[in-house]
Structure formats: C-alpha cells, structure tokens
Amino acid sequence: MKIYRKLALDRNIIYLQLLHNNRLALVTEDKVFSILDLETMEKEHDFTFHNADVHHEKKSISFSPDGKYLAYSEMNQSVVRVINIHSHKLHHSFPTLQNKIETLEFDPSSSYLIAGSLTGRVYLWNLFSTGQVSRLSSFPEYSPHLLTQPKVNYVSAACFSPSGDLVATTGYGGSIVITNIHTEVSPKRITPNHVRINALNFINEDMLVSGNIEGALDIINLHNSQIHKHYQTGLGSISSIMVSSSGDFLLVSGHTKDILLIDLKKEKIREAAYISCPTKTYQLRITQDNKLIVACEEGILIIYELYPQDIFLAYINENAYDRAYELVQDYPLLEDSSLLSTIEEEWEDTLRDALVKIENNKEEEALLLLEKFSRVPSKVNLITQVKNFITHYPAFRSAASNENYSLAYSISEQTPLLKKSALFLRMEKVWDSYFLKAQTYVITNQKTELIKILEPFSRVNSKFCFIQVLLHQPSLFIEFINNVNAKDYEKIFAVTHSYPCLKEIKSYKELLHDAKDLVQACRQHIYTAKYNLAQDELEKLEHIPSMKQQTLELKHLFSLSTRLQELYENEDFLSCYTLIDKNEVLQTLPLAKKLEDAWNVQVQASEKEALLGNIKAIKEIFKELISLGTRSQKIGTLLRLGFLMQIKLLVIKKQIETLYPAIHNYIHFFGYDTELHNLILKLKQDDIVHIDLDEEQMHHRPRSLWLVITEGKIPDTILQYTKENV
C-alpha cells in the first residue's frame with residue numbers, strides 16, 4: 001500500500017477530524033490541538049487547552065467542519081467550551097451542571113452540536129445561540145428495573161447523515177436512535193444487540209453502519225429499521241468506520257494493527273487485513289479523493305493512497321494493461337474509476353475486432369490484437385477461448401454454410417464464444433425469419449409448409465420447445481400470440497409458466513420490457529404530480545400478476561401523493577405535515593421536500609426566539625402548526641426553552657416573588673424535567689430562593705404531553721397562565 005505522507009509526533013494522537021479546504025485537525029494526549037494543511041503537512045494552528053478532557057476512550061472533543069470552532073468538555077467542570085480557533089477566544093460556554101459530557105459531534109453545516117452525557121442524555125445545541133435547543137433522547141432505551149438501573153451511564157457515539165438532517169446516537173443498552181433534528185418525529189430505535197457500540201457512520205441517508213466492542217459490524221437499513229448485513233470481524237473493539245467517497249467500500253479499524261476492507265456492492269469482507277499499520281490503530285479518516293488518514297500508536301500519523309488514479313492512467317497510456325489490472329487488485333477502490341470502465345470497453349472492442357479477423361481468416365492478426373491483454377489474469381481464460389474459437393470455427397462455418405444447424409448449434413454450445421460471431425448472428429436471423437413464417441403457417445393452418453420450414457432446425461435442442469408447441473399445440477400458440485397482442489398479462493404468464501421457452505419470443509420480451517417501464521414511468525409521474533398519466537399506468541399494471549406487489553405500493557403512493565397535493569393546494573399545512581409524518585414513503589416527494597425546507601426555516605427562526613424567551617414570536621412563526629401533534633416534541637422543546645428563559649430572566653431582574661408561580665405554571669404545561677431541576681438546584685445553591693415541590697409536581701411527563709394539556713393554547717409569558725387560558 002502506497003504511503004502518501006507520514007508524520008511522527010511526540011505523543012499519541014487521540015482525535016482526528018477532516019476540515020474543509022483539505023485540512024486536518026488533530027489532538028494529542030498531552031492536550032496539544034493542531035490544524036494541518038494536508039498538502040504541505042505544515043501546522044496552521046497549534047495551541048494547548050490544559051483543562052480539556054482528553055482521553056482515548058472518550059469523544060469529548062469536536063472541531064466544526066468549517067475549521068472555525070472547537071468544542072471540548074472540561075475535565076474538572078460540567079461545562080462545554082466552544083472556542084473560536086482563529087482568535088482563541090471563547091465563543092460559547094454551555095453549562096451542563098450534573099450532566100458531564102463525553103461525546104461531542106458537530107453537524108456538517110457547523111451550526112449544531114450534539115452532546116452526549118454520562119447520564120445517558122443526548123442534547124442538541126445551536127452554536128450561534130446561547131443555550132440548549134433540544135434534548136433528543138436518553139439511554140438506555142429500554143426501561144430498566146430499579147435494581148438494574150445503570151450506576152454509570154454513557155452515550156458512546158454520535159454521527160450526522162451527509163445532509164445533516166439525521167443524527168444517530170448510541171449509548172448504554174446497545175440501542176441506536178436516529179432522529180431528524182428539525183422535526184424530532186418518531187425517532188427510529190434499533191437494537192442490534194445489547195453490546196456497547198463505539199463506532200457509527202452513515203453510508204448514505206438510507207443506510208447506517210455500527211461497530212461494537214466485540215468486533216461485530218452491522219449495516220442497517222433505515223427504511224425498515226432492520227439489519228441488512230452482519231459481519232463478524234477479528235478487529236476486537238471497533239473504533240473507526242469510514243466510507244469511501246463512492247459509498248461502495250468501508251474501511252474499519254479496531255484494537256489491532258489491521259484495517260479491514262468491506263465491499264458494499266458485493267456484500268463481503270474484501271480483505272481482513274487490507275492495510276497492516278506499523279503499530280496499533282487509533283482513528284481513521286478518509287478524504288474526498290480517497291486518501292486514508294490513520295492515527296497509530298506511538299504518535300505515528302500515516303496517509304495512505306487508496307486511489308492512485310495518476311499511476312493507473314500512466315499504465316493505460318503505456319498500454320501496460322497487465323500492470324493496470326494488478327493495480328486494481330492492490331487498490332480495489334479503483335474499481336469505481338471511469339478509467340477501468342474505459343479499459344473494459346477497449347477489451348470488448350478488441351475482442352470483437354479479433355473475432356472479425358478470425359472470421360476473415362486472419363488468425364495471427366487476431367492474436368496480435370489480443371497480445372496487450374495476454375498477461376492480464378482476468379483475460380487469460382477468455383484469450384484461451386479465442387484460441388478455441390480459431391480451432392472450431394472452420395467446422396462451425398462448414399456446418400452453418402451447409403445448413404446443418406444441429407451440428408452448428410452443438411459446436412457453439414461447446415465453444416460459447418462462437419455465439420459472438422457474425423455467422424452465428426446470421427444463423428439466428430435465419431431462425432427468426434423461419435419462425436415468423438412458421439407462425440403464419442400455424443395461423444393459416446398450412447401444416448405441410450409448417451413442417452417443411454421447421455425441419456432444418458428440428459434437431460436443434462435450443463429450438464425444440466418452440467417447434468413442439470408450433471407442431472403439436474398450434475391453438476395454444478395462436479392464443480398466446482393473441483394474448484401478447486392484447487396485453488392480457490394474466491393469461492400470458494399462465495402459458496409461459498408451463499412453456500418457459502415462449503419467454504424468448506421477441507414480442508413477449510418487448511411486452512415484458514414495457515411492463516417494467518410502466519412501473520418506472522408511473523413512479524416518475526407520481527413524483528412530478530402528473531396524476532392522470534400515473535392513473536393510466538396503474539390501470540395497466542393491475543393486469544400484470546408478476547407486478548402485483550409493486551402495483552400495490554404504487555397505488556398506495558399515488559393515493560397519499562394526491563391527498564398531499566390536495567391538502568397543499570387548500571393550504572391545509574397542518575394536515576400536510578401530519579400526512580408526511582405518518583407516511584415515510586412521502587418524504588422523498590418534491591412537494592414533501594419543499595414543505596420540509598419551509599419547516600426548517602421556521603424551526604431555525606423559532607430557536608432564536610426561544611433563546612430570547614419570546615413565546616409570542618414562536619407562535620407567530622408556527623401559526624396553526626403550533627398544534628401539530630406529530631411534531632409536538634420538537635415544538636414543545638422550543639416552548640420549554642422559551643419559558644425556561646423567561647424564568648431565568650425573572651431571576652436576572654430579581655423578581656424573586658414571581659418565581660414560584662412561574663415554575664408552578666411551567667410544571668403545569670411541561671411537567672418536571674432535568675432542565676427545571678438544574679435551575680431549581682442552582683437557585684438553591686446560589687441562595688437566591690428555595691423552591692419546595694411536592695411529589696406530584698416532581699412527576700416526569702412525556703415530552704409531548706403539553707399539547708394534550710393545553711390543546712395548543714399557550715400564553716405569551718409563563719406568568720399569564722390561568723385556568724381560563726387553557
């Protein structure tokens with residue numbers, strides 16, 4: 001494996017992060033934070049934070065992808081600091097009180113920060129606001145018995161999808177929770193097993209991969225929340241999972257020196273030790289141009305070239321195809337290269353030209369053409385077949401020329417490459433013309449002519465079934481052709497089930513191709529809201545038994561899509577979002593995406609208002625959507641935050657006498673929660689006021705119950721509540 005760059009540092013590297021503009025952020029165990037230019041390997045920034053909680057087993061450090069900010073958890077305090085890297089000044093400080101943070105992860109836009117605490121809670125913070133935006137989930141996902149309640153909890157990993165809309169988190173209990181941070185609608189919960197997961201990564205928006213401490217790797221389909229593929233590796237505890245830029249390969253490391261390669265298209269472990277590093281690996285990162293960055297033990301940083309396209313191109317230009325294919329064997333990611341497709345196309349052209357030369361008695365020229373591929377292992381067997389072609393072609397040509405089709409087809413079965421010859425194709429055209437005339441004789445009941453025209457092919461095995469049907473069941477054949485012309489799919493498939501050879505008839509193949517095109521066209525017309533055209537195609541598909549399941553799915557999508565379009569045109573947005581949230585199949589529609597874009601704008605605007613305590617503005621932003629039941633958790637989180645900020649403002653204004661009624665009203669709407677608990681605790685610690693609550697008031701409620709209690713009628717301030725308001 002070619003090493004592109006290598007760097008030796010004084011101390012072990014415990015954190016790596018790729019940044020925009022081809023830069024790399026890293027942190028060493030002596031708490032030195034650096035940003036490198038990957039081209040020059042020179043340091044752009046180098047600084048130290050002695051209070052940062054730096055440890056191999058923790059993920060409590062995160063650089064924003066744009067390279068502007070650094071978030072880290074303080075070692076001796078329950079606080080997360082966000083530092084402006086250029087100025088080294090504090091950008092934000094997020095107090096976590098009793099919830100010490102061990103997992104931090106920025107979203108792709110560098111706007112949001114996920115924080116996982118030692119109490120198993122997952123928080124979402126807005127980098128450009130002053131507080132928590134949401135509490136997304138808590139671990140363990142199951143409800144443990146009091147006696148088995150974990151004394152030491154954790155959130156072990158978090159990652160964002162490429163779009164930044166989805167976040168996957170995992171923690172105590174081995175569950176994975178996938179949440180849309182903008183809607184928080186029905187988070188998906190998956191539990192591969194109850195083993196701790198230390199590595200998560202999105203392959204794309206639909207697939208997630210997880211790796212646990214026992215070396216197990218699971219590919220998870222997010223549509224059905226099921227494990228698509230399971231791999232048991234020999235890596236021990238999996239620490240890093242990286243996806244190639246094409247999305248076709250995974251590179252995985254654990255507590256060994258080896259890096260494993262998985263081929264996602266072929267769904268297999270390609271090489272268990274694709275790369276063997278000089279020392280144990282700690283972390284992996286992969287660049288857009290497929291350079292693999294590995295942090296190893298003893299402070300070694302190595303960058304491996306996984307995609308040496310420049311070398312590949314040089315071999316092609318030199319016609320050194322054997323070396324080019326050897327390079328692909330050593331560097332499997334080159335299989336996705338367009339250059340490999342170019343070579344394969346050249347091979348096919350060369351093979352075709354060679355066969356033409358053989359048919360023109362130019363065998364030596366044919367073999368000379370193939371010479372440049374003669375040392376390519378994958379082509380050696382095919383070139384041997386070409387030599388067999390040369391050996392058997394004279395006998396094949398003689399048989400075909402003398403209309404001894406039985407012998408000619410027999411020779412071609414033994415030497416399959418003969419089927420690529422022009423002579424074989426001409427022989428097939430003869431059969432097609434005879435078969436077409438035979439159909440006419442069947443229809444016109446000219447049995448003598450029928451027998452005569454079929455006789456040359458009567459002893460050809462591949463034509464036997466056709467001939468038997470034409471000679472002995474002419475009425476069946478006529479009915480079959482009529483059904484094909486009438487597109488009576490049910491009857492057509494009943495006949496082909498008993499006589500599979502009829503599937504080879506050209507008109508049948510065209511019909512089947514049309515049926516597949518119907519599915520694609522119908523789906524496209526639904527997506528482009530051309531519902532009349534989609535309806536016509538659905539009516540045709542209903543008559544095709546083999547398309548029954550696809551037709552049912554399309555009918556369901558059609559029904560939901562037309563309903564969504566109707567609601568949108570009537571400006572019933574509350575029902576629009578409810579329909580989308582309850583039917584995941586709608587989420588890929590252009591109209592649904594348009595609605596989600598509008599929703600995201602509303603959420604971002606409301607987050608800013610919530611952190612100012614401006615409930616009235618939130619209500620004006622959401623309008624009727626304030627009572628959107630399917631997204632009540634997200635809306636409720638924003639309202640909670642807004643009212644909590646109002647209570648904090650009362651403290652700042654020293655309106656102490658209003659705190660108890662404000663807190664009482666907050667509990668009425670939202671119940672007792674961790675955020676309120678921490679506030680009450682701080683008020684007591686700072687000797688501002690002691691708030692005494694009874695057992696009923698301290699009862700925790702589901703985070704979406706506020707909507708049931710209030711029916712969406714929320715006052716503008718926490719002190720405005722009376723029983724008449726709700």
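Residues are numbered from 1 along each chain as its sequence is written, and side-chain values use heavy atoms, with hydrogens and water left out. Because the model is predicted, local features need pLDDT of at least 70 and side-chain atom pairs count only at pLDDT 80 or more, whereas totals for chains, interfaces and linings use all residues.

## Aromatic pairs

Rings of Phe, Tyr and Trp (its six-membered ring) are taken as a pair if their centres lie within 6.5 Å, and the pair is stacked with planes under 30 degrees apart, edge-to-face with planes over 60 degrees apart and tilted for the rest. By this rule the count comes to 30 aromatic pairs. One of them is the stacked pair of Phe 49 and Tyr 72, with 5.1 Å centre to centre and 25° between the planes. Phe 49 lies in the loop between β5 (43–48) and β6 (61–63) and Tyr 72 in strand β7 (residues 69–73), so this pair ties together parts that are 23 residues apart in sequence; here helices (H or I, at least four residues) and strands (E, at least two) are DSSP runs, numbered from the N terminus. Phe 49 and Tyr 72 are both buried, where buried means under 20% relative accessible area, exposed over 50% and partly exposed in between, with a 1.4 Å probe and protein chains only.

Tyr 577 and Trp 599 form a tilted pair, at 5.6 Å centre to centre and with 55° between the planes. This pair links distant parts of the chain, with Tyr 577 in helix α15 (residues 573–582) and Trp 599 in helix α16 (residues 590–610), 22 residues apart, and both residues are buried. Elsewhere, ring pairs link a cluster whose members include Tyr 405, Trp 431, Phe 457 and Phe 477.

## Charges over rings and salt bridges

A charge sits over a ring if NZ of Lys or CZ of Arg is within 6 Å of the ring centre and within 35 degrees of the ring normal. Arg 631 lies over the face of Trp 599, at 4.7 Å from the ring centre, and Arg 196 lies over the face of Tyr 154, at 4.1 Å from the ring centre.

Side chains of opposite charge can pair when their charged atoms come close. With a salt bridge defined as a side-chain nitrogen of Lys or Arg within 4 Å of a carboxyl oxygen of Asp or Glu, the structure holds 28 salt bridges, among them the three tabulated here.

| Salt bridge | N to O distance |
|---|---|
| Glu 184 and Lys 634 | 3.4 Å |
| Lys 291 and Asp 289 | 2.9 Å |
| Arg 640 and Asp 673 | 2.3 Å |

Glu 184 and Lys 634 are both buried.

Lys 291 is buried, with a relative accessible area of 13%, whereas Asp 289 is partly exposed, with a relative accessible area of 38%.

Arg 640 counts as buried at 4% relative accessibility, and Asp 673 counts as buried at 3%. Salt bridges that share partners also join Glu 184, Glu 607 and Lys 634 into one network.

## Backbone features and distance

The peptide bond from Phe 139 to Pro 140 is cis, with omega near 5°, and Pro 140 is placed in the loop between β13 (132–138) and β14 (155–160). Ser 110 has a positive phi of about 65° although it is not a glycine; Ser 110 is found in the loop between β10 (101–106) and β11 (112–117) and is buried, with a relative accessible area of 1%. Asn 319 also has a positive phi, near 60°, in the loop between α1 (309–317) and α2 (321–330), but Asn 319 is partly exposed, with a relative accessible area of 43%.

Gln 685, in helix α20, is exposed, with a relative accessible area of 60%. Gln 685 and Pro 474 are 211 residues apart in sequence and 97 Å apart in space, C-alpha to C-alpha.

## The second largest pocket

A pocket is, on a 1 Å grid over the protein atoms alone, an open set of points where a 1.4 Å probe fits, with protein on both sides within 12 Å along at least five of seven lines, and lining residues have an atom within 4 Å of a point. About 900 Å³ of space lies in the second largest pocket, a volume being the space filled by probe spheres set on the points, which are joined across faces, edges and corners. Of the 30 residues that line the second largest pocket, the closest to its centre are Leu 166, Asn 180, Glu 205, Glu 584 and Gln 587. Helix α16 gives the most to this lining, with four residues.
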